[in-house]
Amino acid sequence: MPILLFLIDTSASMNQRTDLGTSYLDIAKGAVELFLKLRARDPASRGDRYMLVTYDESPYCIKAGWKENHATFMSELKNLQASGLTTLGQALRSSFDLLNLNRLISGIDNYGQGRNPFFLEPSILITITDGNKLTSTAGVQEELHLPLNSPLPGSELTKEPFRWDQRLFALVLRLPGLPSTEPEQLGSVPTDESAITQMCEVTGGRSYCVRTQRMLNQCLESLVQKVQSGVVINFEKTGPDPLPIGEDGLMDSSRPSNSFAAQPWHSCHKLIYVRPNSKTGVPVGHWPIPESFWPDQNLPSLPPRTSHPVVRFSCVDCEPMVIDKLPFDKYELEPSPLTQYILERKSPHTCWQVFVTSSGKYNELGYPFGYLKASTTLTCVNLFVMPYNYPVLLPLLDDLFKVHKLKPNVKWRQAFDSYLKTLPPYYLLPLKKALRMMGAPNLISDNLDCGLSYSVISYLKKLSQQTKLESERILASVGKKPPQEIGIKVKNHSGGGVSLTHNKNFRKLLKEIIGETAPRLAELNTKEFAGFQVGLLNKDLKPQTYRNAYDIPRRGLLDQLTRMRSNLLKTHKFIVGQDEDSLHSVPVAQMGNYQEYLKTLASPLREIDPDQPKRLHTFGNPFKQDKKGMMIDEADEFVTGPQNKVKRPGEPSSPLSSKRRRSMSLLLRKPQTPPTVTNHVGGKGPPSASWFPSYPNLIKPTLVHTASCIPLDDAQYKSHIPPFLSILLIWAALMSPSYSNSFLSDFPTSHLLHI
C-alpha cells in the first residue's frame with residue numbers, strides 16, 4: 001500500500017503571482033489534483049493512502065493523516081492559505097515522524113534482527129515549494145537543518161529521520177511573473193539549486209526546477225512513474241576493479257584498468273524493487289540483509305543504525321550457486337551507473353558477491369549473503385539474497401540430500417555446527433523454516449536465541465507502548481486549529497553580547513521604576529523569564545487599514561505591533577492588509593452563504609407582542625411575514641367556511657355561517673340583495689329588525705348579504721345604488737344622449753332630490 005504524502009509550502013511567499021495571474025499556492029493545489037488524476041490510471045492506485053502536511057507549527061501542520069479519508073484530504077487541500085514562515089526543516093521532520101508513527105508498533109523495522117526488504121511501507125514524500133530562503137522565528141537560514149529532537153519514541157535507534165523505504169521529491173516552482181520572450185527549452189527537467197536538493201538525493205529522490213507549466217506536467221508524469229515498491233541501498237565497491245572484457249567477451253589482461261580512479265559505478269545510492277506477490281498482493285521474502293554489528297547477549301543497548309544499509313560488492317567473478325528447493329529472494333536494481341557497467345560487460349553467467357561490514361563475528365568484512373548478477377537477456381541487474389555465508393552452507397546441504405540421504409554422519413554434523421557459529425542468531429529462524437520446506441526439520445534445535453539481551457528486548461517493548469500513546473495523541477490533534485496568540489513572546493538574547501544586567505539603559509530604567517532601593521543586578525536571573533509574554537491591552541483585534549507609524553500613540557504600540565505581525569503572517573482571519581473596500585469584499589464561493597452569517601450575529605430580542613405574526617428571516621427580504629396566521633385583503637381570496645349549506649326557513653343568517661365575498665370594484669359587480677320577507681309591510685325589501693328572534697342576552701347579528709341573491713330589474717337595481725355613486729352615473733348618462741332619457745326616467749326620485 002503506497003503512502004503519498006504531500007508537503008505544501010504555505011509560507012507568505014507562495015502568494016506571489018505568475019504571468020498567468022495565478023499564485024504559486026494555486027499552482028501547487030492544481031499540481032496535486034493533476035497528480036491524483038494521473039495516478040488513478042494505474043489499477044494499483046486503489047490501495048494508495050494520501051496525507052497532507054503544511055509549514056505550520058507541529059502538530060497543527062498535519063491536515064490529513066492516517067485516519068482521514070480522501071474527501072477530507074481534498075477539502076483541506078482547497079482550504080490552504082499562504083501565511084507564515086518557510087520552516088522547511090521542521091515541516092520535513094514532522095512529515096517523517098508522521099510516516100514513522102506505526103513502525104515501532106508493527107515491528108516493521110525489526111531492530112537488531114536484520115533488515116527485511118519485504119517488510120516495508122513504501123512512501124513517496126512530494127514537497128511543492130518556491131525555493132526561497134529558509135526563514136524561522138530565529139532569522140534567515142542559509143542551510144537546511146532538520147531538528148534532532150523528535151517527540152516520537154525510538155527515534156534514537158536510527159541516525160536519520162527517514163527510513164529506507166521513504167523517498168523525498170521536490171517540485172521547486174520558478175515560474176516567472178512576466179511572460180518570457182525566450183523559446184522554451186525541450187528535454188529533461190534539471191534539478192534545482194536550492195537547499196532541499198541535497199536532502200532529496202540523500203533519501204533516494206531528486207528535485208525538479210519547474211519554470212513553465214509544460215515542465216510541471218512533465219514532472220508530474222515522471223513522479224507517477226516513481227511510485228514503486230522498494231527500498232534504497234548504498235552499493236559500494238570493495239577490492240580492485242575487474243579486468244576489462246574484450247570484444248570477444250573474454251578477459252583482456254593487456255588493457256589497463258583504472259583501479260584507483262573513482263568511477264560513478266563505484267558508489268551508487270539506488271532503489272531495489274520489491275515486487276508484491278501476484279496472488280496475495282503482499283511482498284514475500286525469506287532472508288534478511290544482515291546488520292552491521294554482531295548481536296551479543298552482553299550489549300546493554302542497540303547501536304543506532306543508518307537508514308540505508310551499506311552493501312559492499314566484490315568485483316571478483318564467481319559462479320552463481322543455487323540448489324533445489326532452497327528458497328532465495330530476487331530483487332531488481334533501479335537503473336544506475338552500476339547496472340549499466342555490469343550490463344556492458346555482457347557476462348550473464350557470472351556474479352559479484354555482496355557483503356555487509358562487521359556483520360560477522362570473526363571477519364571484519366563479513367561473509368557473503370548474496371550476489372549481483374545480470375539477467376540472461378541482459379536487460380536488468382538483480383540482487384539475489386541467500387542465506388548468510390551461503391558458499392559454505394550450500395555444499396553441505398547438497399551433500400545432505402544427495403550423499404547422506406538425510407542421514408548425516410558425525411563429520412557432517414561438525415561441519416554444520418561450525419557453520420552455525422559463524423551465522424548471526426537472527427538467521428536461525430529463517431534457516432529452520434527453509435530446512436523444514438526442504439524436508440530436514442530436525443537439523444536445528446527448537447531452543448532458538450535471538451541474540452538480544454533482556455534489557456534490549458524489554459526496552460523495545462516499552463518503546464512500542466510509548467509509541468502507541470504518542471500515536472493516539474498526534475492522531476487526535478489532526479484537524480485542530482492553532483490557538484490564537486494571547487501575547488508577545490519575550491526572547492532571551494543573553495547568549496551573545498552584553499548581559500541584560502550590565503546594560504546601562506536597563507539599569508537606568510530599573511532605577512526610575514523602583515527608586516534608589518534597587519536590588520543587586522547580579523542577583524537577577526534572566527532565565528526565569530524564558531516563557532514570559534507581554535500581555536495585550538486589547539485582545540479583540542479589529543481590522544485596520546494602513547496607518548502612519550508616527551500617528552500611533554505610545555499606549556497603543558503593543559497592540560499595533562501584534563496587528564502588524566498578524567497582518568504580515570496572516571494568522572488572524574479578520575485582519576486584511578489592503579484598503580477599506582477589501583474589508584467588505586466576499587469571495588465568490590462564499591456569496592449566498594447566509595446561514596453562516598446568521599451564526600455570527602447576536603441573538604435577536606423577543607417580540608413585544610407575542611400575538612403578532614412571526615417574521616421570517618429569509619435572504620433578500622427579512623421583513624417578510626408568515627401568511628398562515630393572518631387575513632389577506634386581496635382579490636379573489638376567500639375566508640374558509642361552510643359551503644353549499646341548505647338554509648332552512650326561519651333560520652337567521654349568522655356571520656359565522658354565511659360566506660363573504662369582497663367585490664373588487666363596485667362599478668363592475670352588482671350589489672347583493674338580501675332575501676325577501678313576506679311579512680314586510682312595504683312589499684319586497686330588506687327585513688325588519690323584528691324579524692329576528694328576541695334574545696335579550698345576545699347582541700343582534702349583523703345582516704350579511706349572501707351570494708345566492710334574487711335577480712332584480714333595472715329599477716330595483718338602481719334603487720340600491722349608494723348616493724355617492726349617483727353623481728358618477730348621472731354624469732356618464734349625460735355624456736351619452738342616447739342613453740340619458742331611459743336612464744333618468746327610471747332613476748329614483750329621492751336620489752335626484754338628494755343630488
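**Entry 1: the chain as a whole**

I began with contacts (heavy atoms within 4.5 Å): among those in the protein chain between residues at least 6 apart in sequence, 74% join residues at least 24 apart. A note to myself on the source: this is a predicted model, where local features need pLDDT of at least 70 and side-chain atom pairs count only at pLDDT 80 or more, while totals for chains, interfaces and linings use all residues. Residues are numbered from 1 along each chain as its sequence is written, and side-chain values use heavy atoms, with hydrogens and water left out.

Next I looked up the secondary structure, which comes to 18 helices and 19 strands; these are DSSP runs numbered from the N terminus, helices being H or I of at least four residues and strands E of at least two. Of the 755 residues of the protein chain, 38% count as buried (under 20% relative accessible area; exposed is over 50% and partly exposed lies in between, with a 1.4 Å probe and protein chains only).

**Entry 2: the open sheet**

I followed six strands through an open sheet of mixed pairing and wrote down the order E3-E2-E1-E4-E7-E8. Two strands pair here if DSSP finds at least two bridges between them. At the edges I found E3 (62–64) and E8 (207–210), each pairing on one side only. The twist from one strand to the next averages 20 degrees (axes are lines fitted to C-alpha atoms, for helices over the stretch in contact, and angles run from 0 to 180 degrees between N-to-C directions).

Then I went to E2. Strand E1 (residues 3–8) pairs with strand E2 (residues 49–53) in the parallel sense, over five bridges. I picked out two of the partners: Leu4 is bridged to Tyr50 in E2, and Leu5 to Met51. E2 also pairs with E3, antiparallel and over two bridges, and there Val53 has Ile62 as its bridge partner. Four of the five residues of E2 are buried, so the strand is largely enclosed by the rest of the structure. From E1 the chain crosses through H1 to E2, a right-handed β-α-β crossover (with the strands pointing away from the viewer, the path from the first strand over the helix to the second runs clockwise).

What lies across these strands? I found helix H1 (residues 24–39) lying across E1, E2, E4 (123–129) and E7 (166–173), at about 170 degrees to E1. Helix H2 (residues 70–78) lies across E1, E2 and E3, and runs at about 30 degrees to E2.

**Entry 3: the barrel**

I traced seven strands that close into a barrel, again with mixed pairing, in the order E9-E10-E12-E15-E14-E13-E11. Neighbouring strands of this sheet are turned by 35 degrees against each other on average, direction ignored. Val354 stands opposite Gly370 in E14.

**Entry 4: a loop residue**

I stopped at His145, in the loop between E6 (139–141) and E7. Is His145 buried or exposed? His145 is exposed, at a relative accessible area of 51%.
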